[in-house]
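Hello,

Please take a look at the structure below. My notes on it follow.

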Amino acid sequence: MSKRDTAPAGPFDQHTPMMRQYLGVKADYPSTLVFYRMGDFYELFYDDAEKAARLLGITLTTRGASAGVPVKMAGVPVHAVEQYLARLVRLGESAAICEQIGDPATAKGPVERKVLRVVTPGTITDQALLPEKGDALLMAVLPDRLGAGTAARAYGLAWLNVAGGELCLAEIAPARLAHELERLRPAEVLVPESAAVELGGGAARTAQNDWLFDVRAGQKRLLEQFGVATLDGFGAAGLSMALGAAGALLRYAESTQGRRLDHVQAMAVETGQEYLTLDAVTRRNLEITETLRGAPTPTLFATLDSCITSMGSRTLARWLHHPRRDPAVARARHGAVAAFLADGRGFDAPRAALRAVSDVERIAARIALGSARPRELAGLRESLAALPALAAAVPGAGGLCAELRAQAAVPTDVVTLLGTVLHPEPAARVADGGVIAAGFDAELDALRGLATNAGEFLVALEARERERTGIPNLRVEYNRVHGYYIEVTNSHAAKIPDDYRRRQTLKNAERYITPELKAFEDRALSAESRALAREKSLYEALLEDLRPHVGALQRAARAIAQIDALASLAERAYVLDWTEPVLDAMPGIEIDGGRHPVVAGQVPDFVPNDVRLDPQRRLLLITGPNMGGKSTYMRQVALITLLAYAGSFVPARRARFGPVDRIFTRIGAADDLAQGRSTFMVEMTESAAILNAATPESLVLMDEVGRGTSTFDGLALAWAIARRLVETNRSMTLFATHYFELTQLDREYPEVANVHLAAAEHGGGVVFLHEVRDGPASQSYGLQVAQLAGVPPAVIRAARRHLADLEDQAARMTRPQLDLFAGAPAPPAAPPAESARPEALALLDGIRPDELTPRAALDLIYELKRLADTP
């Protein structure tokens, strides 16, 4: 497309010179909002102005004309641009920042301008735009297809944390794409223009030319990036589509930053076997970092995150979202947490040292990109100065703690360089001056001296002029707009000397310049501008001197972040009374006194419960009333397992875990109208995914499968799914249901055990005991729960009458449907040889049901059982 084609109105040659310059820039960024610097504002024109006004709520106006057409424009102040860019990024939009790079004083036409950076959702590096406790990932997806229009046989993925420098590659089956997108949550996804890739609604989609995804070109680009002759050392042997995706990703990221990504110094290749797999549904149901309603709290991450630094918080979130399957990794973290707790609050000293540490990870990336600000370098200087104290505070003589202490060290050259060159309290921007330390550069010190002596000269000039003119309130002052001036009120206008030249008229005063003051102004302002230029040159040289140390800074940042995350886990374990779990090779899960890590902190007197799953007890069939705690019990088992493999202590008296490869959940009910799927269809889709992928080392949570259809259909499906999990998948399964007929599965399969959440009737209502007990529940308490929910009493009474009718009809049926899967009905039982025991009748005759407490009712049941068992 030529620049002439991009002109929004009228022939290109008929536009004003400035608009021709703008249109030339816009032609290079047709789908990106162009922020065009004009003085103290960034302006947007034509369609960009209309779009920005709509998205940002700024004023849209029309000023002047170009090529005979009024120019629509909208603008934002330079000092506030970051907050507007942050809003655009959150909306998935991109912006090209076009700066003035020429000198307005010497320009004969429009000041020279150039796009110096492009801000996109996946390539942001500015601290003001990045999520403090999360990563903004850029991903590229390349489908492997036999031909145009055919379905993908596989996908090559590459994703990059531009602000941190981590690059990862993977090649996956098509069915895993949605799960990977949910796991990684990229902010922006690059796809070939011709590819129809379904990404969902969570990430900004950016189409790129197909040739940018060329596999050979991608391989060559990676070899150049890492300076190696082969990628086999990174585990990339045999990859193809992922290499093409990585090449497109690196080119795109470099184009937005305007330079090479020197801080990307390694890459990881994922095979799908490194991490404990959590699919998209499971991540949502377990509410790891986001509740089902999209809120950041109360979640597992919010409960655990007491990190001092944002680096530590991001590391902790990665551990929770990507727990390693290798138990050695978790055991190393457990050992480190135990070391922090060995002397009680051994985590306090490291956490105190961490308070002086800034976000070293992101500062290192911005040093590599040449965009680090002076105060960020000051924060880096203070952070590096705090590292010796941090290393000394980390406990433990060996293991992970010792490794992290060694990795947290940085070359003394970096500390010396920052201490020598950088001002003790630098200004926020290089353009403001005051960022280079006094005494570092003689030329700069001399130029600063001219500006510093200006104050003395102005005081002396003011005294002389007051004495010469006889004007007692005469003032000599300076501002950035008008420079130096002498201000005289109108009441003394008659005393103005002839050599005063008017510079500005105010309401009650006049401002003047004299030849002497003008000469001084020329010298002072020239010195100031030359000092600023010198400082800018020295600061850029400082960044170049720091770039070779970016790798060491990144290693130190990773170590600091891990120390912070481990100290946070130790602090939480100490405060919440959590226990170190055991991870071994024996199959199964054993938890004594387990508590839900989030709910236990929200609910007083939370009731702990046990769970035991092993090869002889693979499926727990859980029954009990609604609101009895079945879902909470199931989720807490999954979350405790996740915590153990993430390296955390767990909320339990004792916990042991064998190998676990995946966690699946089928919990809750919701339709998917956008995809045309009913609640029952969603339920069956999730169930199918579990049945097709679960292994004997998988933990499966199934909650009330089959409730979205008719009773018999739902019961039949629930029974068949439970049998499949026991017979074929042989997974460790928690299976909650209201179909009491399923409780007879334990007669057919010894690996099935019945447990229930206890409840008791009291005063016509129900009391939830939240205690898991062996055996099936006696009833569902559905009417009592409806009563608690506020269903009108008349409806409850009508339901009770109808329930009684249904039970009576069932009792009188010649072939009652009591158990869908029972064999042939047994012959009628012979009449009892003797009447009920008189002791039991006497006991029952003496009770008043409405006055019984739950505990008294339970005691009564035990007594009746004893009487029944007595010969």
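Pro298 sits in the loop between helix H8 (280–286) and helix H9 (300–304). Helices (H or I, at least four residues) and strands (E, at least two) are DSSP runs, numbered from the N terminus. The peptide bond from Thr297 to Pro298 is cis, with omega near 0°.

Before the rest, a word on the source. This is a predicted model: local features need pLDDT of at least 70, side-chain atom pairs count only at pLDDT 80 or more, and totals for chains, interfaces and linings use all residues. Residues are numbered from 1 along each chain as its sequence is written, and side-chain values use heavy atoms, with hydrogens and water left out.

Most residues other than glycine have a negative phi, and most peptide bonds are trans. Two loop residues have a positive phi without being glycine. Arg185 has phi near 50°. Its place is the loop between helix H5 (177–184) and strand S10 (188–192). Asp577 has phi near 60°. That residue lies in the loop between helix H20 (550–576) and strand S18 (582–583).

Are these residues buried or exposed? Buried means under 20% relative accessible area, exposed over 50%, and partly exposed in between (1.4 Å probe, protein chains only). Arg185 has 42%, so it is partly exposed. Asp577 has 56%, so it counts as exposed.

Arg145 is another loop residue, between strand S7 (137–144) and strand S8 (154–161). Its relative accessibility is 27%, so Arg145 counts as partly exposed. Ala195 is 50 residues from Arg145 along the chain, yet their C-alpha atoms are separated by 9.5 Å.

**Helix H7**

Helix H7 (residues 241–257) has 17 residues. From first C-alpha to last it reaches 25 Å, close to the 24 Å expected at 1.5 Å a residue. That expected span is 1.5 Å times one less than the number of residues. H7 is mostly covered, with 15 of its 17 residues buried. Gly258 follows H7 and has a positive phi, near 80°.

**The four-stranded sheet**

Four strands form an open sheet in the order S14-S15-S17-S16, with antiparallel pairing. Two strands pair if DSSP finds at least two bridges between them. Strand S14 (475–479) and strand S16 (501–505) are the edge strands, each pairing on one side only. From one strand to the next, the twist averages 40°.

Strand S15 (residues 483–489) and strand S17 (residues 509–513) run antiparallel and are joined by four bridges. Ile486 has Tyr512 in S17 as its bridge partner.

Which helices lie across this sheet? Helix H18 (residues 454–469) lies across S14 and S15, at about 145° to S14. H19 lies across S14, S15, S16 and S17, at about 140° to S15. Contact means heavy atoms within 4.5 Å. Axes are lines fitted to C-alpha atoms, for helices over the stretch in contact, and angles run from 0 to 180 degrees between N-to-C directions.

H19 (residues 515–546) also meets helix H16 (residues 412–421): their axes come within 11 Å and cross at roughly 175°. H16 and H19 are therefore roughly antiparallel to each other (angles under 35 degrees count as roughly parallel, over 145 as roughly antiparallel, 65 to 115 as roughly perpendicular and the rest as oblique). Val414, Leu417, Leu418 and Val421 of H16 make the contact with Leu542, Asp545 and Leu546 of H19. These residues divide into six nonpolar, no polar and one charged. Here Ala, Val, Leu, Ile, Met, Phe, Trp, Tyr, Cys and Pro count as nonpolar, Asp, Glu, Lys and Arg as charged, and the others, Gly among them, as polar.

**The seven-stranded sheet**

Seven strands form an open sheet in the order S13-S23-S24-S25-S21-S26-S27, with mixed pairing. Strand S13 (277–278) and strand S27 (765–774) stand at the edges with a single partner strand each, so one side of each has no neighbour in the sheet.

Strand S26 (residues 752–762) pairs with S27 in the antiparallel sense over seven bridges. Val755 stands opposite Asp774 in S27, and Glu761 stands opposite Val766 in S27. S21 and S26 run parallel, joined by five bridges. There, Thr623 has His756 in S26 as its bridge partner. Nine of the 11 residues of S26 are buried, so S26 is largely enclosed by the rest of the structure.

Helix H23 (residues 711–729) lies across S21, S24, S25 and S26, at about 165° to S25.

Best wishes
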